[in-house]
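I am opening my notebook on a structure that is new to me. My plan is to look up the make-up of each chain in turn.

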Amino acid sequence: MADMIEVNDLIVRFGEVQAVKGVSFRVGTGENFGLVGESGSGKSTVLRALSGLNPDWSGDMVIAGQGLTPHRSRDFYRRVQMVFQDPYGSLHPRQTIDRILSEPLLVHGMRDVDQRIARGLNEVALPQTARFRYPHQLSGGQRQRVAIARALMSEPEVVLLDEPTSALDVSVQAEVLNLLADLQQARGLTYVLVSHNLAVVAHLCKRIAVMQGGQIVETITAEDLRAGRTKHPHTAALRELSVELEEPEGTAA
Amino acid sequence: MTALSTYLSRDWLLSETPSSRTHAAWVRRYRGWLQFRGNGLAMVGLITVIVMIVASLAAPLLAFQDPSAQDLAGRLAPPSAAHWFGTDELGRDIYARILYGGRVTLGMVVAVVLLVAPIGLAVGCIAGYFGGIVDRALMRLTDVFLAFPRLVLALAFVAALKPGITSAVIAIALTAWPPYARLARAETLTVRNTDYIAAVRMTGARSGRIILRHIVPLCVSSVIVRVTLDMSGIILTAAALGFLGMGAQPPLPEWGTMIASSRAYILEQWWVPTIPGIAIFIASLAFNLLGDGMRDVLDPRQR
């Protein structure tokens, strides 16, 4: 399996503060890679540097054999897309769903805009009646589906997921995660998933990197994590915390 | 015929599931209109503005006299059936001059707005979106213009050129754009770092496209509101320039000029300067009411 993403010694600074201190990882083609950590551990910053939204980084990043520079080409943005955390903030408030979905197609000069949008809505299980609505007329889960459809419009190979379910209801979270898993199966996508929720990451990803203070402290498989075969104390602490949070519900039921 | 009536039906305009982009846009406009219509004062403003504009455009039909026909025998006549608003110091019909003057005054206002709003929007959005050195350069330029007292700069500018309507319009525009640039910049700064703009950047679109298609539409509504509220200020500046002899030149009827040329008669023949004054007052007030109503509908922060 060839590596789709290769990150070596990535450093990101915000002024004096070093938010990411030399992070390295590899993601194979068609693999799901998870990044977990507490807020402030630098996991989202890694994703932003990878996506090209934050140009102030140093180190080596390679996607599909191409070295990345701070400025990305249009072709890069066709192949790499991102789904944002907050579905209430990631859709333009004055544009219809149709307009939001057509934008990537127009920028990349793709044909069959009409059919592609209809197909895109189908793929994320949104009704065609949603097409000419505004984002504020949709629920959080529906909005996140629109955001996912938008990310897939340009037929990317890599999708970066920045806490894609953390702003959603628990019941909707599972739906969106299953949708993401189905889409990956169908399209052979490569995912990098950032989350603070171990359960979400373990559900979707086989390999998980745990971040603390801007560094990856441990890379672990989902099975090892579930079984509690952790090596680093921080991983164990995070795992215990998520088990503790789930336990009271279990005992109450 | 059937097609037209379905398009104009209330159901079509209030549809929850629009069938095309244009349809969706019309639904949004109609909802805005319903909200605006609920505001009584704003409707008064809107109707007054429409009546004034229509009356100015239809001046040749509504005025019974030539606005520059002099009748020295009947000068400074009080309002009567023949002269509804009386006559001025040269015996010209004030009613006719108010109607024709509306063309000049309101025309100047429209010209200023058409010049000012695009410039302010462009400068503000570009400065706000790019930030850094572009922002600093454009905003210091804005500050320079903002530092001059409005009327004084306009006066100096008109005095340097030749007094007249064109110079007055350019002079007012020159002093009126900085607030729009600041407004558009502030608005751009609030949306620049949002996820939806980040998502647009992730399509690989060029900066020009992002600004024009995604940022400007968000700034336009607050600029429209500001423009409507500023209309009264522009009317007053135009009238002030006219009053000081730097705007429209006699015998062209312009409300400010009309007050200026008849100010000597304010005690004995009060209606001569008062009536154009009332016209200015009503126009300013109407635009202000309209602007307030528009803000309620358009301002995204009040949603």
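Next I looked up how compact chain A is. Its radius of gyration is 18 Å, close to the 18 Å that the globule rule gives for 253 residues, so chain A is as compact as a globular protein of that length. I keep in mind that this is a predicted model.

I then checked the box around chain A. Its C-alpha atoms fill roughly 50 × 50 × 40 Å along the principal axes.

What share of chain A is buried? I found 45% of its 253 residues in that class. I went on to the contacts in chain A between residues at least 6 apart in sequence. Of these, 66% join residues at least 24 apart.

Chain B came next. How many helices and strands does chain B have? I noted 13 helices and 0 strands. Reading along the sequence, I wrote down the pattern of chain B as α-α-α-α-α-α-α-α-α-α-α-α-α.

My last entry is on contacts in chain B between residues at least 6 apart in sequence. Here 68% join residues at least 24 apart.

Methods. Residues numbered from 1 in each chain as written. Chains lettered and ligands numbered in written order. Predicted model: local features only at pLDDT ≥ 70, side-chain atom pairs only at ≥ 80, totals over all residues. Helix = DSSP H or I, 4+ residues; strand = E, 2+ residues; numbered from the N terminus. Contact = placed C-beta atoms within 7 Å. Rg over C-alpha atoms; globule rule 2.2 N^0.38 Å. Buried ≥ 20, exposed ≤ 12 C-beta atoms within 10 Å, placed from the backbone.
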